[in-house]
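Hello,

Here is the structure for your files. My notes on it follow below.

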Amino acid sequence: MHEGDNLEVIRRLPDASFTLIYLDPPFNTGRPQERSIETARSRHPSPAASSDARAGSLSVREQRVDETMGGSHGLGDPVSSRGVGGADRARGTRGADAAGVVRRGFHGREYERIRGDLRAYDDRFDDYWGFLEPRLLEAWRLLADDGTLYLHLDYREAHYAKVLMDALVGRERFLNELIWAYDYGAKTRKRWPTKHDTILVYVKDPKAYWFDSDAVDREPYMAPGLVTPEKAERGKLPTDVWWHTIVPTTGREKTGYPTQKPEGILRRIVQASSRPGDRVLDFFAGSGTTGAVASALGRDAVLVDHNPEAIAVMRERMPHARVLPAP
Ligand SMILES: C[S@@+](CC[C@H](N)C(=O)[O-])C[C@H]1O[C@@H](n2cnc3c(N)ncnc32)[C@H](O)[C@@H]1O
């Protein structure tokens, strides 16, 4: 477990050393109530930031009800993705050169064209991607030849991110779009209440990636009467739509970390895309769900977070883990 800025930490890790990388970055929500966004504003008082705030105020009230109740997604993220893009973009260029693994990506004309189009369309997303891109390039470098990258996003980022990831690493490496659907808390009456997250899945090598569906916990059939009793007893393989409760507000799993994801979601990911003894990386670790699940399943996990509160929660959750200072 490392405490520090993830880009600094992961740059020092060796190429192709992780079978599974799961990333749950802070979302680009534009919600004004967060401490982190205030910090970003005061540090980066750009015209773009203030027009974001104005534009955001139209829909924020409605979103806040939904998200506060609907899940822990992004709430209380200690850092805003906004405003950090510039410096990281410059570093990201070096990251891509060093990695040398992104096929058409980054300097590729196609990627630049797509990114330019998106920038013109939504500069908020551009800032977010400016933060994420160098980290994704490092993640790609760190991924083993049979490795898989899971990128956990919400509906505001997922579609732009899909297009950019396809251009960055190659569309043929896209494996799945997982939908995690939950149903909890207040529901707006002004639109369909948003109660899902999206997890994009990419593999380093579409011909040689590790995927073991037999190792995955099965789920009950929706209509068990339509299958044989043996099948009903065994349960069915999950599809790409996962109905799963958010972390229950009471109970063993709850750590109190605001953006904590359920172990059940991570368990499937770890079971399917890694073997016992494999190395798993999560450099937006938060409460350490990936680490807790991975170590219970006999994998070695490397976790990074720059928030001391996250490190404290992880220490308690995984007393056996070593904590290393920022490099
Ligand atoms: C959405 S939370 C992850 C929650 C996690 N999946 C869980 O189950 O608890 C994102 C985390 O990324 C961390 N983070 C954001 N930017 C970071 C950076 N540049 N370096 C390290 N950690 C960062 C935040 O502190 C936060 O804990």
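The buried residues of α12 are covered by elements that include β1 (2–3), α11 (289–296) and β8 (300–305). This is a predicted model, in which local features need pLDDT of at least 70 and side-chain atom pairs count only at pLDDT 80 or more, while totals for chains, interfaces and linings use all residues. Residues are numbered from 1 along each chain as its sequence is written.

Helix α12 spans residues 308–317, and its buried residues are Ala-310, Ile-311, Val-313 and Met-314. They line one face of the helix, because they fall within an arc of 165 degrees when seen down the axis of α12. Pro-308 and Glu-316, on the other side, are exposed. (Buried means 20 or more other C-beta atoms within 10 Å of the residue's own, exposed 12 or fewer, partly exposed in between; C-beta atoms are placed from the backbone. Helices are DSSP runs of H or I, at least four residues, and strands are runs of E, at least two, numbered from the N terminus.)

Around the ligand there are 20 residues, of which Phe-284, Gly-286, Ser-287, Thr-289 and Asn-307 come nearest. A residue counts as near if its C-beta atom, placed from the backbone, lies within 6 Å.

On confidence: the protein chain averages a pLDDT (the predictor's confidence in each residue, from 0 to 100) of 79, and 75% of the residues score at least 70. Over residues 29–101 the pLDDT is below 50. Where pLDDT is low, the predicted coordinates should not be read in detail.

Regards

Technical notes:
Arc of directions from axis to C-beta. Contact = placed C-beta atoms within 7 Å.
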